[in-house]
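Have the model open in your viewer and the sequence beside it. Let's walk through it together, one piece at a time.

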Amino acid sequence: MTRYDKLVRDKIPEIIAARGGHARFHACGDDEEYLARLVAKLREEVDEFDRDRNAEELADILEVIKALCLRLGLDPLEVEALRAKKADGRGAFEKRLVLEEA
């Protein structure tokens, strides 16, 4: 059996079982472990996007961000509103600007 020790989506146990596989799982011990594993999962998903550059990997990143928002007691829609406000006030990344000196 392959060892993983990583946070996975909620339906992974059923998916593995439906394929005839066997796996061992445990729930995060506390909120701090869950937060640490979410942050690690975000890094994992960003690395996967860096390799594959597709919409599915971006969707995975958004799912982890949603889970982080909920864990931190933030409304994902309010976080999106903050993003839009920052884009309105400071701009987005459409002009592809690279700061060289300031």
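What follows goes from a pair of helices to some residues on and around them, and then to the cysteines.

First, the ground rules. This is a predicted model, so local features need pLDDT of at least 70 and side-chain atom pairs count only at pLDDT 80 or more, while totals for chains, interfaces and linings use all residues. Residues are numbered from 1 along each chain as its sequence is written, and side-chain values use heavy atoms, with hydrogens and water left out.

Start with helix α2, residues 31-52, and helix α3, residues 55-71. Helices here are DSSP runs of H or I with at least four residues, strands are runs of E with at least two, and both are numbered from the N terminus. How do α2 and α3 pack? Their axes sit 9 Å apart, at an angle of about 160 degrees. An axis is a line fitted to C-alpha atoms, for helices over the stretch in contact, and angles run from 0 to 180 degrees between N-to-C directions. The crossing of α2 past α3 is left-handed, in the sense that the near helix is turned anticlockwise from the far one by less than a right angle; clockwise would be right-handed. By class, the contact of α2 with α3 has 13 nonpolar, no polar and nine charged residues. For that tally, Ala, Val, Leu, Ile, Met, Phe, Trp, Tyr, Cys and Pro are nonpolar, Asp, Glu, Lys and Arg are charged, and the others, Gly among them, are polar.

Now zoom in on Glu-48, which sits in α2. Is Glu-48 buried or exposed? At 18% relative accessibility, Glu-48 counts as buried (buried is under 20% relative accessible area, exposed over 50%, partly exposed in between, with a 1.4 Å probe and protein chains only). Leaving aside neighbours within four places in sequence, Glu-48 is in contact with Arg-53 and Glu-57, where contact means heavy atoms within 4.5 Å. Glu-48 and Ile-61 are 13 residues apart in sequence and 9.5 Å apart in space, C-alpha to C-alpha.

Arg-53 itself belongs to the loop between α2 and α3. Though not a glycine, Arg-53 has a positive phi of about 50 degrees, and with a relative accessible area of 56% it is exposed.

Over on α3, look at Asp-60. Asp-60 is buried at 14% relative accessibility, and it touches Arg-9 and Glu-45, not counting residues up to four places away in sequence. With the sequence neighbours up to four places away set aside, Arg-71 touches Asp-31, Glu-32, Tyr-34, Leu-35 and Leu-38.

Further along, Arg-96 lies in the segment after α4 (76-90). Arg-96 has a positive phi of about 60 degrees although it is not a glycine, and it is exposed at 74% relative accessible area.

Finally, the cysteines. The structure holds zero disulfides, a disulfide being a pair of cysteine sulfur atoms within 2.5 Å. Cys-28 is in no disulfide, and the nearest cysteine sulfur, that of Cys-69, is 17 Å away. Cys-28 counts as partly exposed at 25% relative accessibility, whereas Cys-69 is buried, with a relative accessible area of 6%.
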